[in-house]
Amino acid sequence: MDALITAVGLQKYFGSFHVLQDIDFAIAKGEVVCIIGPSGSGKSTFLRCINQLERIDAGCVAVDGEIIGYHRDGRMLYPLSEREIARQRQAVGMVFQRFHLFPHKTVLQNIVEGPVGVQKRPRNDCIGEARTLLKRVGLAQKAQAYPGELSGGQQQRVAIARALAMKPKAMLFDEPTSALDPELVGEVLGVMKELAASGTTMIVVTHELGFCREVADRVLFMDAGRIVDSGTPAEILENPRNPRVKNFISAVL
């Protein structure tokens, strides 16, 4: 497998709490990986380490062959500056549980803010691309609306479009439907299914097991900071081998 994102021996502590323990992981370009497991198992922290919202304490993560957060000199790794980390972070888009849109900016302005302000791309080009992305997520008619005028599901779809506007190599989703009313979940999952079908590389932390069955190439189960098991959706969700995984699946179905 020609991996786009790899993690080797990843370790993360919060004080004395060992949040991530010896995480080894690789995802190929175009692959969709869903991560499931109980609350507190390290799923979200793993995503945050991939795009350096959390500093790694040991091990390393690489995106498209470039070590994230550090510069290698021989056998030594040296931390990068915040400016260099911000540059690297553009390679991976992230969608959070909450939408984090600028409330005082229109939907269109929210989407073009990053490409224009951070990547210094021509504004007119970015506006055209933003309108295309809004059409893709089913919100072409909401370009001039403000976030407060949108439903939660619509705000999350804008957040997805905003992340895609940076032209990332992969997309990370941290329980993107957990803050939504049940009737709004489907519209967000529909956009994510379209992204998966189009070949977008995706890592999705989710409790939506139906989505995992339909879309994932692989499912990882995390517990107590470790990847306990991994396999196809059929192997993990339909016929789990690990007793811990079996108990979890039984409890949430």
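Helices (H or I, at least four residues) and strands (E, at least two) are DSSP runs, numbered from the N terminus. The model is predicted. In it, the protein has 9 helices and 12 strands. Thr 177 is placed in the loop that runs between β9 (170–174) and α6 (182–197).

**Overall form**

- The chain has 253 residues, for which a compact globule would have a radius of gyration near 18 Å, and the value of 18 Å for the protein agrees with this.
- The C-alpha trace spans about 50 × 50 × 35 Å along the principal axes of the protein.
- Of the 253 residues, 51% are buried.
- Taking contacts between residues at least 6 apart in sequence, 66% join residues at least 24 apart.

**Surface and charge**

**Nonpolar cores**

- In soluble globular proteins, nonpolar side chains tend to be buried together.
- In this protein the largest nonpolar core has 52 residues.
- Ile 36, Ile 160, Phe 173, Met 192 and Met 202 have the most contacts inside this core.
- Helix α6 gives the core its largest share, 8 residues.
- Another core, of 28 residues, lies apart from the largest one, and its members include Val 19, Phe 25, Ala 91 and Ala 170.
- Leaving out residues up to four places away in sequence, Ile 36 touches a set of residues that includes Lys 43, Thr 206, Leu 209, Cys 212 and Val 219.
- Also among the residues that Ile 36 touches are Leu 220, Phe 221, Met 222, Ile 236, Leu 237, Phe 248 and Ile 249.

- Beyond its neighbours within four places in sequence, Thr 177 is in contact with Val 185, Val 188, Leu 189 and Glu 208.

**Helix α1 and the loops on either side**

- Ser 39 sits in the loop between β3 (32–36) and α1 (43–50).
- Ser 39 counts as exposed because its relative accessibility is 70%, and exposed means over 50%.
- From C-alpha to C-alpha, Ser 39 and Gly 210 are 19 Å apart in space, while 171 residues separate them in sequence.
- Helix α1 is largely enclosed by the rest of the structure, because 6 of its 8 residues are buried.
- Those buried residues of α1 are Lys 43, Thr 45, Phe 46, Leu 47, Cys 49 and Ile 50.
- Gln 52 follows α1 and belongs to the loop between α1 and β4 (58–63).
- Although Gln 52 is not a glycine, its phi is positive, at about 65°.
- Gln 52 is buried because its relative accessible area is 6%.

**The loop between β11 and β12**

- Ala 224 is found in the loop between β11 (218–223) and β12 (226–231).
- Ala 224 is not a glycine, yet it has a positive phi of about 50°.

**The loop between α4 and α5**

- Gln 141 is located in the loop between α4 (123–136) and α5 (152–164).
- With a relative accessible area of 57%, Gln 141 is exposed.
- Gln 141 and Arg 131 are 10 residues apart in sequence, and their C-alpha atoms are 9.4 Å apart.

**Helix α8**

- Glu 235 is part of helix α8, which covers residues 233–238.
- The relative accessibility of Glu 235 is 34%, so this residue counts as partly exposed.
- Glu 235 touches Pro 240 and Arg 241, when residues up to four places away in sequence are not counted.
- Glu 235 and Val 219 are 16 residues apart in sequence and 8.7 Å apart in space, C-alpha to C-alpha.

Key
Residues numbered from 1 in each chain as written. Predicted model: local features only at pLDDT ≥ 70, side-chain atom pairs only at ≥ 80, totals over all residues. Heavy atoms only, no water. Contact = heavy atoms within 4.5 Å. Rg over C-alpha atoms; globule rule 2.2 N^0.38 Å. Buried < 20%, exposed > 50% of the residue type's maximum accessible area, 1.4 Å probe, protein only. Core = buried A, V, L, I, M, F, W, Y, C linked by side-chain atoms within 4.5 Å.
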